[in-house]
Amino acid sequence: MIPDWRELINKLERHGLDAAEFVALLDWAQDAEAYTAILARAADTARQIFGNRIYIRGLIEISSYCRNDCFYCGLRRSNPQACRYRLSEEQILACCEEGYQLGFRTFVLQGGEDAWFDDTRICRIISAIKQSWPSCAVTLSLGERSRESYQRLYQAGADRYLLRHETADSQHYRLLHPPSLTLANRMRCLYDLREIGFQTGAGFMVGSPGQSKQTLAEDLLFLARFRPHMVGIGPFLPASNTPFADQPPGSVHLTLFLLAVIRLLLPKVLLPATTALGSAVADGRAQGILAGANVIMPNLSPPEVRQKYAIYDNKLTSGAEAAEGLRELKQQMQKIGYQIVTDRGDSPDK
Ligand code: 5AD
């Protein structure tokens, strides 16, 4: 007999679920009443912990060069159509200056795995940011590096690191990546990061090719085990000139459901309503907040490079998605009963 969703949610909140129970819970996404109730419960849980406060992070896309060849990503090495750029240290600091004026107190340096940004350069940038804006948090999202490298970045003052696990199923991982990339190394990175002391973020795409309820159950079991401080999820969106260019996009409905499940699984987690969600549907980020998300990461990159950081097609880069569009974002959030705040927004589990 199919377990009732109320029982599954109660068990999820109390002791967690096993793989079969997660699969059963994911089946309930198709039931309109269960879906609505689970999203509302997740939003309620977020409100109990964070009130109606939404944290913002200024996202600076520092390089579109990447040594990797992930099948889903528009910035993969073997995409000759990708526009490559890298920001100078001065440009990155200018982004932070603008962001600080706008009210950002977290800067996220994100980029492809670009060897030009070696430890010396990244550490110099982290130190410069920390010196100029000591009240701000620095988050890095620069892919897989050695433990020693992560250690240096932490010592230089970086606070947080985002590295999506992409999928916790090793067979699925191999379907999404070339053989040079392994789930084992991704996991090594995540455990190193957390041991070193970073507030650590994991996450995955929803609807990536080869994903199933079983692989999603593995993702949720991994999150339950690892207990990351942050979880980034968004729909898979096809990118031109990649092996997955013709694959269907991930479902927004399922993404929202998973946001809610993750909120109920890890009540205190920092959970962004991602750019991919905002790019997939017009009010995606507001819907994400109403499903339990509590973070938004507007784009602080120099406007002339934003279109070049094309991990998928039709990425949102203007309006409320842009850091300058903060006023619009504030209004969107007010409309649904939330307010943008400008504290660092550290993990309550720090
Ligand atoms: N669609 C959606 N998300 C993507 N990412 C990379 N390519 C795509 C895509 N085509 C996500 C990955 C990566 C993060 C930076 O962006 O999960 O970790």
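Which residues are around the ligand? In this predicted model, begin by selecting the ligand together with Tyr-72, Cys-73, Arg-164, Glu-166, Met-205, Pro-235, Phe-236, Leu-237, Ile-311 and Tyr-312, which are the residues around it. Sorted by class, this shell holds 8 nonpolar and 2 charged residues, and no polar ones.

Next, keep the ligand in view and select Arg-164, where a polar side-chain atom lies 3.0 Å from an oxygen atom of the ligand. Then move to Glu-166, whose side chain has an N or O atom 2.5 Å from an oxygen atom of the ligand. Of the 410 Å² of accessible area that the ligand has on its own, the protein covers 86%. If you display cavities, look for the ligand in the largest cavity, which is where it sits.

Now leave the ligand and turn to the backbone. Select Asn-241, which you will find in the loop between strand E7 (230-235) and helix H10 (252-265); phi of Asn-241 is positive, near 60 degrees. With a relative accessible area of 44%, Asn-241 is partly exposed.

Finally, select Asn-314 in the loop between helix H13 (303-306) and helix H14 (326-335), where phi of Asn-314 is likewise positive and near 60 degrees. Is Asn-314 buried or exposed? Asn-314 counts as exposed, because its relative accessibility is 70% and the cut-off for exposed is over 50%.

Methods:
Residues numbered from 1 in each chain as written. Predicted model: local features only at pLDDT ≥ 70, side-chain atom pairs only at ≥ 80, totals over all residues. Heavy atoms only, no water. Helix = DSSP H or I, 4+ residues; strand = E, 2+ residues; numbered from the N terminus. Buried < 20%, exposed > 50% of the residue type's maximum accessible area, 1.4 Å probe, protein only. Near = heavy atom within 4 Å. Polar contact = N/O pair within 3.5 Å; in protein donor to acceptor, adjacent residues only side chain to side chain. Areas by Shrake-Rupley, 256 points an atom, 1.4 Å probe, with all protein chains shown as cover. 1 Å grid on protein atoms, 1.4 Å probe; cavity = no way out; pocket = protein on both sides within 12 Å on 5 of 7 lines; lining within 4 Å. Sits in = over half its atoms within 2 Å of the grid points. Nonpolar A, V, L, I, M, F, W, Y, C, P; charged D, E, K, R; others polar.
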